[in-house]
Amino acid sequence: MGLYKRGDTYWMNVMHNAKRIQKSLETGNKSLAQKIYAKAITEMTENRYFDGAEAKRMTFDQLIEKYMKSHEHMRDRTSLKALNAFFSGRNVLEINSRFVSDYRDQRKQAGRKPATIYQELSFLRRVFNVAIREWELLKDNPVSKLSFSVGNKNARTRWLTLAEEQTLLECATNPYYLRALLILALHTGMRRGEILNIRWEDVDFERKLITVMESKNGDKRGIPMSNLVFQTLKSYRERGIKGKVFNISVRSIREAYDKAILKAGINDFHFHDLRHTFATRLVQNGVDLYKIKEILGHKTINMTLRYAHHYPESLRGSIEILDRLSCYNFATIEQKKEKTG
């Protein structure tokens, strides 16, 4: 039927990919209607006509609802509380980099910690990335152009001493799973969420390898088991547990962990600090930072470099190379002095 007039307004009625598209062109000017119609036909031919069409009707709340159904991370709902207060009710196409920048500045002025703001904007960036890559709703991510790195401003590097570790593990007797869970955290550097998602099918006892199917950055990675982790999981499996290795809630872990920490008399030590303990001990014993990066699942080496200062002695080997390469040494110089003296 093509282009036609209904009342005082021009409409188009065409078939595209076996689907009828009937739409008002919102003009009574024939010349303008013909141009709009021709442009629409061209965009349909080049598969560009529907770009952004769904996004024009979608609010921030609807986008979040769609995202949370299949991509929700452990701390997303915490980040969402502050984001909702600022973005709720907005059309997703309204949310540009300048708008996100205003949000960041408002949170700073409210005295929120850099790490908190970083967490919220990271969540928002993930939502838009999924909307772009998986759903093809949008073309640009308004968060990706924004600088919101917090660096090491309030990054913790608290770790357990060996004496503290022994005390903590001795106190971690109730519930039954707590000691095994803490050993896994201390000897693999896995995040709490990663530990909770591990299934027995991800534990390869023959190769002594644990596979993290989906880490914080979305990548899969393998972590070798220490002998202690191997024996601990072997013993733990004898309980006949199926499915997830630790089929428990975050709240249950938090309550059990807090009780064990209190009983052990250890101050200012969060669950995530077990991961810091793992990384710090590897660095202090000269393990290459790039290997630690792969085990921890860091996207870039910059995240791992925060631990580099723990082992300055690792630089000594690099300097000693110069002695091996040099044609001169102290003894040679002294001998020459004696001959010329």
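Tutor: Residues are numbered from 1 along each chain as its sequence is written. In this predicted model, local features need pLDDT of at least 70, side-chain atom pairs count only at pLDDT 80 or more, totals for chains, interfaces and linings use all residues, and side-chain values use heavy atoms, without hydrogens and water.

Student: Why are H8 and H12 called oblique to each other?

Tutor: The axes of H8 (residues 178-188) and H12 (residues 273-284) cross at roughly 40 degrees and come within 7 Å. Under 35 degrees counts as roughly parallel, over 145 as roughly antiparallel, 65 to 115 as roughly perpendicular, and the rest as oblique. H8 and H12 are therefore oblique.

Student: Which residues of H12 make the contact with H8?

Tutor: Leu274, Thr277 and Phe278. Contact means heavy atoms within 4.5 Å. On the H8 side are Leu182, Ala185, Leu186, His187 and Thr188.

Student: What makes the pair His71 and Glu134 a polar contact?

Tutor: Their side chains are joined at 3.1 Å. A polar contact is a pair of N or O atoms within 3.5 Å; within protein, one must be able to donate a hydrogen and the other to accept it, and residues adjacent in sequence count only if both atoms are side-chain atoms. The side chains of His71 and Ser70 also make a polar contact, of 2.8 Å.

Student: How do you know that E5 and E6 pair?

Tutor: Pairing requires at least two bridges found by DSSP. E5 (residues 209-212) and E6 have four, in the antiparallel sense. Ile210 has Ile223 in E6 as its bridge partner.

Terms used: Axes are lines fitted to C-alpha atoms, for helices over the stretch in contact, and angles run from 0 to 180 degrees between N-to-C directions. Helices (H or I, at least four residues) and strands (E, at least two) are DSSP runs, numbered from the N terminus.
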